[in-house]
Amino acid sequence: MSLPLYKFIHPQDRQKLWISRQQIPNSDLDVQMEFRIVCKNGEIRWVGTVTNPIEWEGQPAFQDFLEDITDRKVVE
């Protein structure tokens, strides 16, 4: 729980996430994305996320709500 989200992002999806995060502070809407994560056991899973900018302890931060969407991606 104390590790940053990017530590779990699949290497091929990190740039997409970084670009999206740069746009969030300029948006009035929550940003929705889908990307892969690498689990502790090495398994790759898909997650859908809704992200919004917040302030945490006086610093800009992001609040992420993640949902495992792996089963849906397999069906697609």
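At 29% relative accessibility, E34 is partly exposed (buried means under 20% relative accessible area, exposed over 50%, partly exposed in between, with a 1.4 Å probe and protein chains only). This is a predicted model, in which local features need pLDDT of at least 70 and side-chain atom pairs count only at pLDDT 80 or more, while totals for chains, interfaces and linings use all residues. Residues are numbered from 1 along each chain as its sequence is written, and side-chain values use heavy atoms, with hydrogens and water left out.

Start with the partner of E34. K73 forms a salt bridge with E34, and the closest N and O atoms are 3.1 Å apart. A salt bridge here is a side-chain nitrogen of Lys or Arg within 4 Å of a carboxyl oxygen of Asp or Glu. Helices (H or I, at least four residues) and strands (E, at least two) are DSSP runs, numbered from the N terminus. K73 is partly exposed too, at 21% relative accessible area.

Now follow the charges onward. R72 forms a salt bridge with E76, with 3.1 Å between the closest N and O atoms. Salt bridges that share partners join E34, R72, K73 and E76 into one network. R72 is partly exposed at 39%. E76 is exposed, with a relative accessible area of 64%.

Next, the sheet. Three strands form an open sheet in the order β1-β2-β3, and the pairing is antiparallel. Its edge strands are β1 (31-38) and β3 (59-68), each of which pairs on one side only. Neighbouring strands of this sheet are turned by 40 degrees against each other on average, direction ignored. Axes are lines fitted to C-alpha atoms, for helices over the stretch in contact, and angles run from 0 to 180 degrees between N-to-C directions.

Look at one strand pair. β2 (residues 44-56) and β3 pair in the antiparallel sense over 10 bridges. Two strands count as paired if DSSP finds at least two bridges between them. T51 has D64 in β3 as its bridge partner.

D68 and R45 meet in a salt bridge, at 2.8 Å from N to O. D68 lies in strand β3 and R45 in strand β2, 23 residues apart. Both ends are partly exposed: D68 has a relative accessible area of 44%, and R45 has 21%.

What is the total count of salt bridges by this rule? The count comes to 7. Side chains of opposite charge can pair when their charged atoms come close.
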